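Try each task before reading its solution.

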Amino acid sequence: MEPFKCNLKKYRQLAGMTQDELAGKVGVRRETIIRLEAGKYNPSLKLAIDISRAVGTAIEELFIFD
């Protein structure tokens with residue numbers, strides 16, 4: 001897959017959530033959130049939707065694929 005830019009950390013912090021809290025809300029391990037924030041993991045569409053709903057931000061703002 002193409003590299004992507006991930007703004008998850010910014011929006012997660014704006015939502016006032018820790019990595020653990022977000023992971024719990026979307027049903028993944030904290031390590032998955034860490035890898036997403038580092039741009040080392042491409043989320044599935046379902047995970048991207050779940051995360052965007054959890055932080056209250058559009059998918060297009062969270063994940064930018066070039």
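The exercises below go from the whole chain to one residue of this predicted model.

**Exercise 1. Fold outline**
Task: State how many helices and strands the chain has, and in which order the elements run.

Solution: 
- Count first. The chain holds five helices and two strands.
- The order is β-α-α-α-α-α-β.
- Now check the overall packing.

**Exercise 2. Contacts and surface**
Task: Find what share of the residues is buried, and describe the contacts, the surface and the charges.

Solution: 
- Burial: 36% of the 66 residues are buried.
- Contacts: take those between residues at least 6 apart in sequence. Of these, 57% join residues at least 24 apart.
- Surface: the accessible area is about 4300 Å², and carbon and sulfur atoms account for 50% of it.
- Charges: there are 11 positive and 9 negative side chains. The centres of the two sets lie 4 Å apart.

**Exercise 3. Gln19**
Task: Decide whether Gln19 is buried or exposed, and name its contact partners.

Solution: 
- Locate it. Gln19 sits in helix H2, residues 19–26.
- Apply the cut-off. Buried means under 20% relative accessible area. Gln19 has 16%, so Gln19 is buried.
- List the partners, setting aside neighbours within four places in sequence. Gln19 contacts Arg12, Arg30, Ile33, Ile34 and Glu37.
- Look at Glu37 again. The side chains of Gln19 and Glu37 make a polar contact at 2.8 Å.

Technical notes
Residues are numbered from 1 along each chain as its sequence is written. This is a predicted model: local features need pLDDT of at least 70, side-chain atom pairs count only at pLDDT 80 or more; totals for chains, interfaces and linings use all residues. Side-chain values use heavy atoms; hydrogens and water are left out. Helices (H or I, at least four residues) and strands (E, at least two) are DSSP runs, numbered from the N terminus. Buried means under 20% relative accessible area, exposed over 50%, partly exposed in between (1.4 Å probe, protein chains only). Contact means heavy atoms within 4.5 Å. Accessible areas come from the Shrake-Rupley method with a 1.4 Å probe; for residues, only the protein chains shown count as cover. Lys and Arg count as positive and Asp and Glu as negative; His and the chain ends are not counted. The place of a charge is taken as NZ of Lys, CZ of Arg, CG of Asp or CD of Glu. A polar contact is a pair of N or O atoms within 3.5 Å; within protein, one must be able to donate a hydrogen and the other to accept it, and residues adjacent in sequence count only if both atoms are side-chain atoms.
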